[in-house]
2 protein chains.
Amino acid sequence: MKTALASNGAKNTKPTKASPIPAYLARIPEAEAAIRLTADRLTQPRVAVLACLLSLDHAASHFDVAQALARHHPIDRVTVYRVLEWLVDVGIAHRIAGDDRVWRFMVNDPTASVQPHHQHAHFACSGCGQTFCLDDVPNKLNFKLPKGFKPAEVDLKFRGLCLHCA
Amino acid sequence: MKTALASNGAKNTKPTKASPIPAYLARIPEAEAAIRLTADRLTQPRVAVLACLLSLDHAASHFDVAQALARHHPIDRVTVYRVLEWLVDVGIAHRIAGDDRVWRFMVNDPTASVQPHHQHAHFACSGCGQTFCLDDVPNKLNFKLPKGFKPAEVDLKFRGLCLHCA
DNA sequence: CTGATAAAAATACTCAGTTGCATTTACGGC
DNA sequence: GCCGTAAATGCAACTGAGTATTTTTATCAG
């Protein structure tokens with residue numbers, strides 16, 4: 001069961017799906033830096049999960065993360081849940097409700113100023129199943145609520161075909 | 001068929017929570033009429049579930065429906081799931097994904113012309129927990145997708161306080 | 001280095017929704 | 001009106017995401 005990381009090195013000559021070098025490994029320093037900015041502890045699961053999210057251009061479910069890390073950083077699935085929740089709590093990531101009752105997570109855009117940004121726009125591709133984070137919803141989209149309704153957050157979600165699947 | 005309703009009449013003198021006459025009973029004829037317009041069978045569960053949805057001004061979960069019908073039309077929970085799915089399939093209702101990973105259902109607005117209307121707007125109240133269906137999203141809300149993305153459906157969801165809770 | 005304690009692992013649980021199958025029922029044909 | 005059959009219901013067992021709890025491990029301050 002996989003003594004921590006990089007255990008079974010390069011000699012892996014599996015015929016099918018020879019494991020490529022995971023893209024998230026390159027984002028580990030970046031992840032560590034971001035976590036050090038929080039008041040909480042720097043732990044391996046947090047680094048690995050965040051590095052994984054950083055390496056993706058689309059939103060990832062807890063399962064996606066656990067699977068991506070399985071080879072080099074196997075992490076208990078409950079810990080993945082807890083780390084993802086923590087990332088949301090400290091403002092590093094946000095969560096998106098999918099149509100399949102699964103939460104997906106994505107790092108916040110650091111360029112988006114002081115954002116507990118309560119307005120999201122996402123695009124769920126029915127081709128590849130991936131969810132992409134779009135730019136923030138403009139402050140005034142031309143939609144008027146009935147009288148008396150006081151909105152606090154807005155979610156705008158598109159379904160269709162993404163750039164790659166269209 | 002129809003014998004089965006209004007079974008145990010008015011003599012209910014329970015001390016606590018004396019059951020009021022359920023509002024959905026009045027919508028049974030309406031529900032039957034709508035179901036007859038489909039090519040499928042008119043069954044008691046379908047009538048009861050649809051009557052229940054018709055009596056509400058907000059979206060109902062499968063649990064809400066099962067509970068509302070428990071006294072006069074007890075229906076197996078699996079059947080409730082199946083009937084709700086069927087109502088969506090035949091175009092009588094639509095489903096809304098909630099933030100609590102629960103599907104909620106609401107009858108489509110019959111005035112909305114020929115609608116497999118692929119644009120929805122909903123309002124989830126954080127006070128009472130109910131979800132309301134708002135008017136359709138205007139055809140052109142001022143939001144531009146990145147190049148190459150081909151949207152097929154749009155969901156606009158607000159969270160906040162509803163008319164009654166504000 | 002060491003101890004306090006935050007966080008991870010292990011385990012068991014909850015709950016929405018699904019599936020397989022036997023039984024019942026709506027309804028078209030007679 | 002009765003009957004055969006496809007369609008629908010009821011029941012029980014299952015799935016899979018997410019949570020709660022308790023024990024173990026590891027971070028980091030002193």
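Here are some questions and answers about a predicted model in which chains A and B touch each other and residues surround DNA strand C.

Me: Happy to start simply: what pattern does chain A follow, read along the sequence?
Reply: Chain A holds four helices and six strands. Of its 166 residues, 27% count as buried. Written out along the sequence, the elements give α-α-β-α-α-β-β-β-β-β.

Me: Among contacts in chain A between residues at least 6 apart in sequence, what percentage joins residues at least 24 apart?
Reply: A contact here puts two C-beta atoms within 7 Å. Taking the contacts in chain A between residues at least 6 apart, the share that joins residues at least 24 apart is 54%.

Me: Which element gives the largest share of the side of chain A that touches chain B?
Reply: In this contact, 30 residues of chain A meet 30 residues of chain B. Two elements of chain A give two or more residues to that side, strand 4 (119–125) and strand 6 (150–161). By class, the side has 20 nonpolar, three polar and seven charged residues. The largest share, 12 residues, belongs to strand 6 of chain A.

Me: Nice, and how many bridges join strand 6 of chain A to strand 6 of chain B?
Reply: These two strands run antiparallel. As one example of the pairing, Asp155(A) stands opposite Lys157(B).

Me: Let's turn to the DNA: which helix gives the most to the surface near DNA strand C?
Reply: DNA strand C is surrounded by 25 residues, and the closest are Asp40(A), Asp76(A), Thr79(A), Leu42(B) and Trp103(B). At least two residues each come from helix 2 (44–54) and helix 4 (77–89) of chain A, and from helix 3 (62–69) and helix 4 (77–89) of chain B. By class, this surface has 11 nonpolar, six polar and eight charged residues. With four residues, the one that gives the most is helix 4 of chain A.

Me: Is the crossing of helix 1 and helix 2 of chain A left-handed or right-handed?
Reply: The axes of helix 1 (residues 28–36) and helix 2 of chain A come within 8 Å and cross at roughly 115°. The handedness of this crossing is right-handed.

Me: And how many of the residues in the contact of helix 1 with helix 2 of chain A are nonpolar?
Reply: On the helix 1 side, the residues include Ile28(A), Ala31(A) and Ile35(A). From helix 2 of chain A they meet residues including Val47(A), Leu50(A) and Leu54(A). The contact also has three charged residues and no polar ones, and its nonpolar residues number eight.

How values were computed. Residues numbered from 1 in each chain as written. Chains lettered and ligands numbered in written order. Predicted model: local features only at pLDDT ≥ 70, side-chain atom pairs only at ≥ 80, totals over all residues. Nonpolar A, V, L, I, M, F, W, Y, C, P; charged D, E, K, R; others polar. Pairing = 2+ DSSP bridges. Near = placed C-beta within 6 Å. Axes fitted to C-alpha atoms, helices over the stretch in contact; angles between N-to-C directions. Left-handed = near helix turned anticlockwise from the far one by under 90°. Buried ≥ 20, exposed ≤ 12 C-beta atoms within 10 Å, placed from the backbone.
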